Amino acid sequence: VAGQVRSLMWKITVRCLALRGYAHFRQHFGLSHGRCVLCDQENETYTHLFVGCGIIEPLWMEMQAVLEIMGLPISWCGSATSLLIGDIRSVPTGPFAWATDEPPDDTVIWRLSTKAWAELRGQVLNLIWTTRNRLIFDDHFLPPDLCTYMKNRFWNCLRTLAISKLYPPKDLPSFPPNHDVFFNTLWFPLVPLILEKLQLNRLLP
């Protein structure tokens with residue numbers, strides 16, 4: 001997970017973001033209300049901004065399709081604790097197409113699956129946070145349809161992420177062979193879905 005995304009995920013976990021829905025932040029910044037800047041309907045709390053906002057919910061619905069293709073449990077999108085702090089307990093049981101006679105054991109599957117989930121979840125959380133901040137601080141940022149804008153950003157982020165996983169820089173240390181097979185099994189099936197969503201002719205430059 002990239003440093004900026006990792007930092008945001010840590011701040012969400014320890015609840016140290018300056019959200020408008022909390023009175024002490026409103027008083028400190030002199031805000032007249034604590035409504036969510038995305039929907040302008042409910043107070044901006046952690047659960048609302050990152051999980052329950054009507055603008056955000058479609059992103060997690062898109063994520064369900066991603067998890068299904070990757071063979072990861074769709075239930076990971078089913079609770080606020082899973083989405084906000086990654087509180088997950090079930091081991092993936094998807095049909096993985098192993099290219100070796102000895103697939104990784106459950107411990108390795110669990111570790112790499114949760115790593116993939118952290119990458120995916122971090123992308124969405126970071127997208128939500130950066131979009132929220134642009135709406136507040138950038139007067140020129142006025143997308144005509146915020147929900148469509150965020151969906152397009154989501155699939156573009158996944159495009160970049162999938163490329164980085166399938167074609168990492170040569171100087172990065174690689175996993176042992178079985179781990180490489182598993183990680184490619186996770187990310188490679190996403191390519192057709194990303195192409196379809198972005199309506200691109202080619203994924204790679």
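**Entry 1. A buried charged pair**

I began with two charged residues, Arg132 and Glu44, and found that both are buried. I worked from a predicted model. Arg132 and Glu44 form a salt bridge, with their closest N and O atoms 2.9 Å apart. I then looked up where the partners sit: Arg132 belongs to helix α6, and Glu44 to the loop between α2 (23-29) and α3, so the pair ties together parts that are 88 residues apart in sequence.

**Entry 2. The other salt bridges**

I checked the accessibility of both partners. Arg35 has a relative accessible area of 33% and is partly exposed; Asp40, at 46%, also counts as partly exposed.

Another salt bridge links the side chains of Arg134 and Asp138, with an N to O distance of 3.4 Å. Here Arg134 is partly exposed at 35% relative accessibility, and Asp138 is partly exposed at 24%.

**Entry 3. Overall layout**

I next recorded the secondary structure of the protein chain, which comes to nine helices and zero strands. Of the 205 residues in the chain, 44% are buried. I also looked at contacts with a sequence separation of 6 or more; residues 24 or more positions apart account for 63% of these. The chain exposes about 11,200 Å², and carbon and sulfur atoms supply 54% of that area.

**Entry 4. The largest nonpolar core**

Which residues touch the most other members of the largest nonpolar core? I found Phe50, Met63, Val66 and Leu120 in that position, within a core of 49 residues. I listed the helices that each supply at least two residues of this core: α1 (3-14), α3 (46-52), α4 (57-70), α5 (80-85), α6 (106-137), α7 (146-166) and α9 (190-198). The most is given by α6, with nine residues.

I followed Phe50 further. Leaving out residues up to four places away in sequence, Phe50 touches Ile12, Leu17, Ile56, Trp60, Leu84, Leu125, Ile128 and Trp129.

**Entry 5. Helix α4**

I turned to α4, which has 14 residues. From its first C-alpha to its last, α4 reaches 20 Å, close to the 20 Å expected at 1.5 Å a residue. Its buried residues are Pro58, Leu59, Trp60, Glu62, Met63, Val66, Leu67 and Met70. I noted a general point to read beside that list: an α-helix has 3.6 residues a turn, so residues three or four places apart point the same way. After α4 comes Gly71, with a positive phi near 75°.

**Entry 6. Cys147**

I located Cys147 in helix α7. Which residues does Cys147 contact, leaving aside its neighbours within four places in sequence? The contacts are with Ile55 and Pro58. Cys147 and Ile55 stand 92 residues apart in sequence, yet their C-alpha atoms are 5.5 Å apart in space. Pro58 is also among the buried residues of α4.

I looked for backbone angles of note and recorded Arg15, which is not a glycine but has a positive phi of about 60°. Arg15 lies in the loop between α1 and α2 and is partly exposed, with a relative accessible area of 39%.

I recorded Asp40 as well, a residue other than glycine whose phi is positive and near 60°. Asp40 lies in the loop between α2 and α3.

**Entry 7. Confidence in the model**

I closed with the predictor's confidence. The mean pLDDT of the protein chain is 75, and 70% of its residues reach 70 or more. Where is confidence lowest, and where is it highest? Among the stretches compared, helix α8 (residues 177-187) is lowest, with a mean of 53, and α3 is highest, at 90.

I noted that pLDDT is below 50 over residues 171-181, a stretch with 16 contacts in the model beyond near neighbours in sequence. Residues 201-205 also have pLDDT below 50, with eight contacts counted in that way.

How values were computed: Residues are numbered from 1 along each chain as its sequence is written. This is a predicted model: local features need pLDDT of at least 70, side-chain atom pairs count only at pLDDT 80 or more; totals for chains, interfaces and linings use all residues. Side-chain values use heavy atoms; hydrogens and water are left out. A nonpolar core is a set of buried Ala, Val, Leu, Ile, Met, Phe, Trp, Tyr and Cys residues joined through side-chain atoms within 4.5 Å. Buried means under 20% relative accessible area, exposed over 50%, partly exposed in between (1.4 Å probe, protein chains only). Helices (H or I, at least four residues) and strands (E, at least two) are DSSP runs, numbered from the N terminus. Contact means heavy atoms within 4.5 Å. The expected span of a helix is 1.5 Å times one less than its number of residues. Accessible areas come from the Shrake-Rupley method with a 1.4 Å probe; for residues, only the protein chains shown count as cover. pLDDT is the predictor's confidence in each residue, from 0 to 100. A salt bridge is a side-chain nitrogen of Lys or Arg within 4 Å of a carboxyl oxygen of Asp or Glu.
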